[in-house]
Each structure stands twice: as C-alpha cells, then as structure tokens.
Amino acid sequence: MTGMSIVVLVSGNGSNLQSIIDSIDAGQINTSISAVISNNPDAFGLTRARNHAIESRVIDHRLYDSRESFDQALQHCIQQFEPDYIVLAGFMRILGSALIQANKNKILNIHPSLLPTYKGLNTYQRAMDNRESEHGVSIHIVTDELDDGPVLMRGRYAIERGDTVTDLQHKGHRLEHRMYPKILQWLGEKKLQIGENRVEFEQRTLQEPIEFNQEKI
Ligand code: GRF
C-alpha cells in the first residue's frame, strides 16, 4: 500500500499505537508505520510493534546526559525513516526546540484534555477537582510550548456523578482510539492538510478545531 508513512513515539502501554495499527490493518488509513520508537525499553508499545512486524527502536533517555543529546539521538533515529508525520502516542518526554523545529508541522500529539485547558499532567484529577461537567481529548500540532500548538480535533465527554479518574481515563481512551486513526486517515487522504502557517480541512482554512462528536463516524 502506498501513501504516507509515520513514525510513532511511545513510552508505555501503546493502546493508541494499537488503534492506529488496527485501522491500518483494516484498510482504513492509507499509511504505513515505518517505525515505533520508545525512550523506555520496557514499553509495551514495543511489543505491540514487534507483534505486527513493525520496526522498533529504543532510545533510552537514561543513557544520555542531557536533553539535547537525547534529542539528537532521537532525531537521528527518526530521520532514517523519513516519515511524513511523527505521531506522539503517550510519549512522556518533552521534546526540545531543535528537534521540533527540524520537524516543523510534522509532529502530532494527543492530549487528554480539551486544550487549551488543562495542559500538562494529571488532567483527569484536575478536572474532577474543579468539578467540571465535561472533559475530553485533543490532537494538536507540536510547537515549542508544551501542549500549545494548533489544535486539529477535540472530542468531549461528560463527567458524570460518581465518575472516578479511572472512569474518565476509560472514556478518554475510547475517544482517543477513534480520533487518532481518523486524523491520520484524513491526512493520508489530504482532506486535512497542514501547511506552513495554516491548516486546511476540506479545502478551507481550519478556524476552529474539528469537533469529533459532531462527525458522523
Ligand atoms: C493517552 O491517554 C494520551 O492522551 C496521553 O498518554 C496516554 C497514552 O496511552 N498522551 P497509550 O500508551 O496510548 O495507551
């Protein structure tokens, strides 16, 4: 299958990676995964890659004495695969500006909140502590500021009485596993195009993030 190629970066379980693999296998996305790269040698995402005969690499951050040298090794590794996009799927290292600029507009991230609210960690707990009535998931382009790049898509769900952090995690993951494949499908079809200073969706400038729940998918 021709089409675009991606590299997926994971640090842990890799359930988002799995949803992308499954969508590719089902013929829903015109994409191939050139490699899965992890900073964590024990990431289950690496096992998922191996189970599907996808190339995998480990760049263990603990073996580097600075963020810059880790980033350089990571960039060197990514470059070998010449991906169209670099897909962060639970990658728990903050990338430095040099790597981000070298891959400008090509790095995507999925974040468990309705960005721009709740950047950073522990978003479920913080949303519950603030008695929010809804929470969600965002897919955005990675820029130098953490969790701050242009948001492509948001999906939301209700926080119901009695919900625990685990409940929210489940709701979030269910959405994530549909959202990331959808964004990649649209990028592969060029229905969604990320340009230098603007994003186009269906040949129009994207002014607001796509609301996933409104899509008839
Ligand atoms: C996801 O919840 C994602 O939003 C966050 O990290 C988690 C990764 O989960 N960035 P998994 O490794 O894909 O299961």
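Biologist: Which residues of helix 1 are buried?

Modeller: This is a predicted model, in which local features need pLDDT of at least 70, side-chain atom pairs count only at pLDDT 80 or more, and totals for chains, interfaces and linings use all residues. Residues are numbered from 1 along each chain as its sequence is written, and side-chain values use heavy atoms, with hydrogens and water left out. Helices (H or I, at least four residues) and strands (E, at least two) are DSSP runs numbered from the N terminus, while buried means under 20% relative accessible area, exposed over 50% and partly exposed in between (1.4 Å probe, protein chains only). In helix 1 the buried residues are Ser15, Asn16, Leu17, Gln18, Ser19, Ile20, Ile21, Ser23 and Ile24.

Biologist: Why is helix 1 described as largely enclosed, and which elements do its buried residues pack against?

Modeller: Helix 1 spans residues 15-25, and nine of its 11 residues are buried, so the rest of the structure largely encloses it. Packing is judged by contact, that is, heavy atoms within 4.5 Å. The partners of these buried residues are strand 1 (4-10), strand 2 (31-38), helix 2 (44-51), strand 4 (85-88), strand 5 and helix 6.

Biologist: Which residue makes a polar contact with the side chain of Ser11?

Modeller: Ser11 lies in the loop between strand 1 and helix 1, and counts as buried because its relative accessibility is 8%. Beyond its neighbours within four places in sequence, Ser11 is in contact with residues including Ser38, Ala43, Gly90 and Phe91. A polar contact is a pair of N or O atoms within 3.5 Å; within protein, one must be able to donate a hydrogen and the other to accept it, and residues adjacent in sequence count only if both atoms are side-chain atoms. Such a contact, of 2.7 Å, joins the side chain of Ser11 to that of Asn39.

Biologist: Which residues surround the ligand?

Modeller: A residue is near a molecule or strand if one of its heavy atoms lies within 4 Å of it. By this criterion the ligand is surrounded by Asn13, Gly14, Ser15, Asn16, Gly90, Ile110, Pro112, His173 and Glu176.

Biologist: What percentage of the ligand's accessible area does the protein cover?

Modeller: Oxygen atoms of the ligand lie 2.8 Å from a backbone N or O atom of Gly14, 2.5 Å from a side-chain N or O atom of Ser15, and 2.6 Å from a side-chain N or O atom of Glu176. Accessible areas come from the Shrake-Rupley method with a 1.4 Å probe; for residues, only the protein chains shown count as cover. Of the 360 Å² that the ligand has on its own, the protein covers 85%.

Biologist: Which residues touch the most other members of the largest nonpolar core?

Modeller: A nonpolar core is a set of buried Ala, Val, Leu, Ile, Met, Phe, Trp, Tyr and Cys residues joined through side-chain atoms within 4.5 Å. The largest one has 45 residues, and those touching the most other members are Ile33 and Leu152.

Biologist: Which helix gives this core its largest share?

Modeller: Among the residues that Leu152 touches, not counting those up to four places away in sequence, are Leu108, Ile139, Ile183 and Ile210. The largest share of the 45-residue core amounts to eight residues and comes from helix 6.

Biologist: How are the aromatic pairs classified?

Modeller: Rings of Phe, Tyr and Trp (its six-membered ring) pair if their centres lie within 6.5 Å; planes under 30 degrees apart count as stacked, over 60 as edge-to-face and the rest as tilted. The structure has two aromatic pairs. Tyr64 and Phe70, with ring centres 6.0 Å apart and planes at 70 degrees, are therefore edge-to-face. Trp186 and Phe201 have centres 4.9 Å apart and planes at 50 degrees, so this pair is tilted.

Biologist: Where in the chain does Phe201 lie, relative to Trp186?

Modeller: Both Trp186 and Phe201 are buried. Their pair links distant parts of the chain, 15 residues apart: Trp186 belongs to helix 6 (residues 165-189), and Phe201 to strand 9 (residues 199-201).

Biologist: Is Arg131 buried or exposed?

Modeller: Arg131 is in the loop between helix 5 and strand 6 (134-141). Its phi is near 55 degrees, a positive value in a residue other than glycine. Because its relative accessibility is 75%, Arg131 counts as exposed.
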